[in-house]
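Please look over the model shown here. The report below takes up its parts in turn.

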Amino acid sequence: MSFDSRAERALPIARPARDPRPGLSGLEPSQLEAWLAARGEPSYRVRQIADAVWGGTATSAAEIRTLPAPLREALDAAFRFDTVADTELRPTDAGLTEKALHRLSDGALVESVLMHYPARPGQRERHTLCISSQAGCAVGCPFCATGELGFTRDLETAEIVDQVRHAARRLALDGRRLTNVVFMGMGEPLLNLDNVLEAVQALADSRRFGLGARHVTVSTSGVVPGIRRLTALGPQFTLAISLHAARDPLRDVLVPLNRRWPVAEVVEAARAHAAATGRRITYEVTMIGGINDTEADADAIIDLLRDDHAHVNLIPMNPVAHTPWEASPMETIERFAGRLRAAGISTTVRRNRGQEIGAACGQLAAERAGEPAAPAVARRRERIVLESAAALRGERSHEQAPVLPAGAGR
Ligand code: SAH
Ligand code: SF4
């Protein structure tokens, strides 16, 4: 199948309707138990189905040989064994990064990226999967390829979990296991929090996927009500906040949600989360040349986080077609990191993986969205330049906060 969806986008194909059958991996064991009990099936069938969903080699209900044929048929009529189809896998970085494009039942496309980290002295090998929580994103950060696409829809619980099952199955072929999952693919996880929480429970449950909850990281652009809800629930996973700038005028432009929940509120909510859960917060800063990489930006972050037990991760921006920006030079990033460290803030610099094919997390969608028309790119670039220039002069944005889907961000 073609990976080049530019062609797909050009064709006026009606999107198929969504498959109404829930995915098996999104069900609580008790829901499956109830369904089986209603059919008069013995309770050990739950284990047989779970074994096939979470391990083994079956790729459909028809292949669960331990079940009688009528039950296989009934299972298939009621549920989907798999909710995502891999359209293509693309390795890069000499096989250290693999990008997967997944097609959902209604034709929506999302991506996941599997990153292999070989063992180092004192650290075992790790296999980290970056997954998507939504098709598209309503937040619209101007340096992000997903933001440019706009919002399509929330992923179902099983659609989130099945990205992980696919990667685990690929790893199992070589006797390897997935060690970490990060929600840093397409979408804003805290705007689809119910499904994200259910997915994390399925991943962490030893009767289901069995990954430690400490091995799941969720990144948010700063949905304050979502952070507060998480705090009330207690530790669910590691929380990462996409900071990018500590000053409101600039953050208004880089993370448009800042116009609704300003940076001080985001950090206050994150601080309360860290205090209540005992978990350190990671702040991510995508480093954009000449935009958010000056000494004044570093000092603003120091002022904001000085008394926190926080960690800052600096990530060079991946090139994105529709922006006029580039990554900060590595020396600038190292200098920035040094300034934060000198102020006592634990800081790492991350090198992006798979940059040459746009496979890094958070930048997954541009390729399949197709090339926007040149005048549209020019207009967008001009707007970004004007907005960021005003922000660098310290002027707050007059733009509205992004319009979120109904019910989002409560
Ligand atoms: N919506 C959530 C999670 C998905 S984005 C969030 O924004 O946190 C995951 C991370 O990728 C975010 O920190 C985001 O800022 C970053 N990112 C997006 N586009 C990027 C790019 N072009 N280069 C580097 N990082 C990028
Ligand atoms: Fe959405 Fe995150 Fe991209 Fe911003 S960086 S547009 S919040 S996916």
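## A loop residue

Where does H244 lie? H244 sits in the loop that connects β9 (238–242) with α9. This is a predicted model, and that applies to everything below.

H244 is not a glycine, yet its phi is positive, at about 65 degrees. Is H244 buried or exposed? Its C-beta atom has 28 others within 10 Å, and the cut-off for a buried residue is 20 or more, so H244 is buried.

## Domains

The protein is divided into two parts: domain 1 covers 24–78, and domain 2 covers 84–392. Their C-alpha centres are 35 Å apart.

## Helix α7

Helix α7 runs over residues 193–204, twelve residues in total. From first C-alpha to last, α7 reaches 16 Å. The expected value, at 1.5 Å a residue, is 16 Å.

Which residues of α7 are buried? They are L193, N195, V196, A199, V200, A202 and L203. These buried residues pack against three strands, β6 (151–154), β7 (180–183) and β8 (216–220). They also pack against the helices α6 (157–172) and α8 (224–233).

## Helix α14

Helix α14 takes in residues 374–392. Its 19 residues should span 27 Å at 1.5 Å a residue, and the end C-alpha atoms are 27 Å apart, which agrees.

E387, S388 and A391 are the buried residues of α14. Seen down the axis, the buried residues fall within an arc of 95 degrees, so they line one face of the helix. What covers them includes α9 (248–254). The other side of α14 carries exposed residues: A374, P375, E382, L386 and A389. After α14 comes G394, with a positive phi near 95 degrees.

## Ligand 2

How many residues surround ligand 2? Twelve do. The closest are C137, V139, C141, C144 and G147.

By class, seven residues of this shell are polar and four are nonpolar. One residue is charged.

Notes:
Residues numbered from 1 in each chain as written. Chains lettered and ligands numbered in written order. Predicted model: local features only at pLDDT ≥ 70, side-chain atom pairs only at ≥ 80, totals over all residues. Helix = DSSP H or I, 4+ residues; strand = E, 2+ residues; numbered from the N terminus. Expected span 1.5 Å × (residues − 1). Buried ≥ 20, exposed ≤ 12 C-beta atoms within 10 Å, placed from the backbone. Arc of directions from axis to C-beta. Contact = placed C-beta atoms within 7 Å. Near = placed C-beta within 6 Å. Nonpolar A, V, L, I, M, F, W, Y, C, P; charged D, E, K, R; others polar. Domains from an automatic or database assignment.
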